[in-house]
Structures are given as structure tokens and as C-alpha cells.
Amino acid sequence: MAITLSQGLLSSLGAAGGAQQDARQPMGSGLLQPALSTNPLVNTLVKSIGQARGMDMRTPEEKILAATAGVDRTTAAGQLEAIEARLQFETDPDKRNTLGQQAVQLRRQMASDATAKATAERTAKEDRDLATLNTRAEPILREAGYLELADMAASGSLTQPQIQQNLGNIRKDKITLERNQGDLSQAILNTPELEGTEAYKQALQGKVPNIAPRFQLAYMEGLREEAEQDRFLTTLKARKGGQRIATDLEEGLTTFTEAQKQAADLGNVTYGDVKFYKVGNEILPTRERKQQDGTKDVVTWSPVLNKYVEVDETRLEQVPPERQPKTPRVVSPVSKNQRTEVLSAFEFEENTTDKPGQPFSNKEKLNEFDDETRKRVLRDIADRAAQLKAQNPGTPFSQHIQPAIEEVMSRIKFTEGTFDDTVEYRAAPVIKEWTAE
């Protein structure tokens, strides 16, 4: 026989035990939860009767505890899940308001964390992709004779635009040289970007230096860069405030990419004169950078990062005026193409190792050095050739390469041993301007 209990009976039982209906609760809400009583026996009876009728007679706190059991509260997502579960059963308006505010804060935090994670993942992927690009580009650049760029690619320093531009130029110049059957003069004349340049005029007169085939692509790239810099200077000098930047570039006090950055900042940022500081055995060129709002800092240009890097001048030792070069430079006065000419000159030397009684060729001596020493030797040769050219105005750089090679290479001690060869290079005693390269 089914027992039917009325709402009045349940309420009466609650009242008999001292239960109080919260005035803030809507009428009839007592049907959804046990009546509050100070008498545990009455509470037990009410729960038993309610359960017999199929009602959920747990208190709100009991429901909250059940809903949040097993939730990981150490994460923002778990905390939000616990709050949302509590909000389903919490009846106190003040507590609900507090929980709602906490939920809003957690959602914002989770959105911010998700954005940061996505950014970090995207950056990591971009870094991996760029590393792969550098790895793939390095052998192509080296084969084309772009040795400096190949070294940068080997260290992962090239940016994606730099890689794309240089590989694109290699492809174009390869096609041009192939169409002109390796004739460098004709290739120059058939490259639109070089029209009107000094190299173009030399090609018309048949005075282009003799460049070994494997360095012709690098030579063409150097000509492109020189032409681009000349066009940049022409435009820059016509801009207000651009003359100073152009002068610094022409005098070797700034690199081409650094000058481009300064030109982009014209009107918003002012750069001071170069000051030299000593860092170990190196000299660091710096400039004061002043923003439009008056804030100042001291920066140095990083060719690797291709941007200005802030430095703390208070921790650096300034080079005394008497120790600074009379003509300080940040960029070597020797152009990229002149260095390519020096490299090319070694290609035309014949190996003599297999010829009894013949001295070792300069080419063989050079190849015995490690990469860093080889670069230093080549730089000394190029610097010496540039000095000889300066001492003989009107003469071409190529005319002084072989004398410079003989002079610098004569300082190399090369001894053939039983098991290996010994090679030693004494730094060239040539008065040189300091360069950052």
C-alpha cells in the first residue's frame, strides 16, 4: 500500500524540529531540500520520508561536495569547474556573487594562458623552420661563393627574407651567366639592376676583373648590393636629416643595414655620434639613441641580430682619444667584391705539392689554416691591397692583389713533416684601421 505524504506534513515535521524557512528563498523551495532542523532525529526522519518519495534530500553543501569530488583544483580549468559546480547548488546571494567574479577572473587567465601557449608554440615552430632554412641554404650559398653568408647560415643567423632574397639572386645570376656562357662582362650588361653603375661602365670598356667561375655569383651579388646602396644614398640625401646618415655610411661609420634602420626612424629617433668602448680585446662602437619623448639609451648595432642592442655604458671602458684610430671606421673600407677578388686570385694558383723541388703554393698554404685564421689572412691581404691602391690613385684594386698576397703570405711559416704539416701565421704588421668585422 503506497503511503502518500503531503507537503504540509513534511513542513510540519520540519517545524516540529525547529526548522526555519529562509525568507530569501522562494516559496516551495523546501521541496528541493530537507527542512533545516536543530533536531537530528527529525532531520533523519525528514530525509527518510523524502527519499521514500524519490526526492534528493541532500543539503546544498553535500551536493557541492559530491559535484566537486575528484576535480583537480591545482589548475585554472579545475578551479573553474569547481566554481561552476558550486554555483549550481549555492543559494547564498553574496557567495554566488563572489564565485561569479572568481569565475570571470579564471576565464580571463585561461584565455591569456592559451594565447601565450599558442604564441610560444608558433614562435618555437618558426624557430625550427628558420633553422631548417638556414641548414638547407648553407651549402647552396657556399657553393655559389657567398662564403660570409654561408657562415651566417651555418650559425643559424640568416632571416627568412635574407635567405629568400639571396637564393633568388643566385638563381637569377646563374641563369644570366649561363645565357652569356660564363662571360661575366656580358652578364653584368644583361642585369637591369646594374645599369648605370661603375661596374656596368667597366663591363662596357672590357675592364671587369678576372673572377674565377665559382666566385662569379658572389661577385654579382656584391655588385647588386653596391648598386642598392648607391640608390639608397641618392634617396636618403634628399630627405630632411638624411645627409648625416648618408655621410656616416660613406665614411664607414655605419653599416648599410644600420643606415637603413636609422633612415626608417627619421623624425622619431635621433642617433648621436659613434663612441668607442673597450670590451676585452674588442672595441665596441656605440651611439646614444634619443626617442621623440626625450628618453635616451646607449645602443650598439648587432649585425647578427640585425638590430640595435642596448648596452650599459657605465660598465664599459671608453677608449681614450689618444688610442682611437685617426680615421675610426665601423665598416671595413674593403668592399665585399674586393674580398671576392682576393679569394678568386688564389683559385688561379697552381698546386705544387706533387712537384718535387717546388715550393708550396700560396693556395696550398692558405688551405692549411683553420677557418678563422684563413679569414684573418684574407682580410689582411685585402686591407694591404686597399692601402696600395690608396697610395697609387687611379689604379684598379685588382692590380695590387698579387703584390699584397706575396707580402702577407711571406710571413707564413710552412714546414712539411713526416706525419703532418705545420703552418704558422704571424699577424701582418700592416697599419690598419680598426673594423668590426
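Reader: How many helices and strands does the secondary structure of the protein chain contain?

Author: The secondary structure comes to 16 helices and 8 strands. Please keep in mind that this is a predicted model.

Reader: What does the pLDDT tell us about the protein chain?

Author: In general, pLDDT is the predictor's confidence in each residue, from 0 to 100. Here the mean for the protein chain is 79, and 76% of the residues reach 70 or more. Over residues 13-35 the value is below 50, and this stretch has 34 contacts in the model beyond near neighbours in sequence. Residues 427-437 also stay under 50, with 30 contacts beyond four places in sequence.

Reader: Which elements have the lowest and the highest mean pLDDT?

Author: Helix α1, residues 7-16, has the lowest mean, at 50. The highest belongs to helix α8, residues 184-189, at 94.

Reader: How much of the protein chain counts as buried?

Author: A residue is called buried when its relative accessible area is under 20%, and exposed when that area is over 50%. Of the 437 residues, 37% count as buried. The accessible surface of the protein chain comes to about 26600 Å², and carbon and sulfur atoms account for 51% of that surface. As for contacts between residues at least 6 apart in sequence, 53% of them join residues at least 24 apart.

Reader: Which residues are buried in helix α6?

Author: In α6, which covers residues 147-154, Leu 149, Ala 150 and Ala 153 are buried. Viewed down the axis of α6, the buried residues fall within an arc of 105°, so they line one face of the helix. Their cover includes α5 (93-143) and α7 (160-179). After α6 comes Gly 156, with a positive phi near 75°.

Reader: Where does Gln 181 lie, and what is its phi?

Author: The general idea is that most residues other than glycine have a negative phi. Gln 181 has a positive phi, near 55°, and is a residue other than glycine. Its place is the loop between α7 and α8.

Reader: Is Gln 181 buried or exposed?

Author: Gln 181 has a relative accessible area of 74%, so it is exposed.

Reader: Is Ser 302 buried or exposed?

Author: Ser 302 counts as buried because its relative accessibility is 15%, which is to be read against the cut-off of 20%. This residue belongs to strand β4, residues 296-302. Leaving aside residues up to four places away in sequence, Ser 302 touches Lys 307 and Val 309.

Reader: Where is Ser 332, and how far is it from Ala 382?

Author: Ser 332 sits in the loop between β6 (317-318) and α13. With a relative accessibility of 7%, Ser 332 counts as buried. Ser 332 and Ala 382 are 50 residues apart in sequence, while their C-alpha atoms are 9.9 Å apart in space.

Reader: Which helix gives the most to the lining of the second largest pocket?

Author: α10 gives the most, with 5 residues. At least two lining residues come from each of α9 (198-205), α10 (216-237) and α13 (336-347).

Definitions and conventions: Residues are numbered from 1 along each chain as its sequence is written. This is a predicted model: local features need pLDDT of at least 70, side-chain atom pairs count only at pLDDT 80 or more; totals for chains, interfaces and linings use all residues. Side-chain values use heavy atoms; hydrogens and water are left out. Helices (H or I, at least four residues) and strands (E, at least two) are DSSP runs, numbered from the N terminus. Contact means heavy atoms within 4.5 Å. Buried means under 20% relative accessible area, exposed over 50%, partly exposed in between (1.4 Å probe, protein chains only). Accessible areas come from the Shrake-Rupley method with a 1.4 Å probe; for residues, only the protein chains shown count as cover. The arc is that of the directions from the helix axis to the C-beta atoms.
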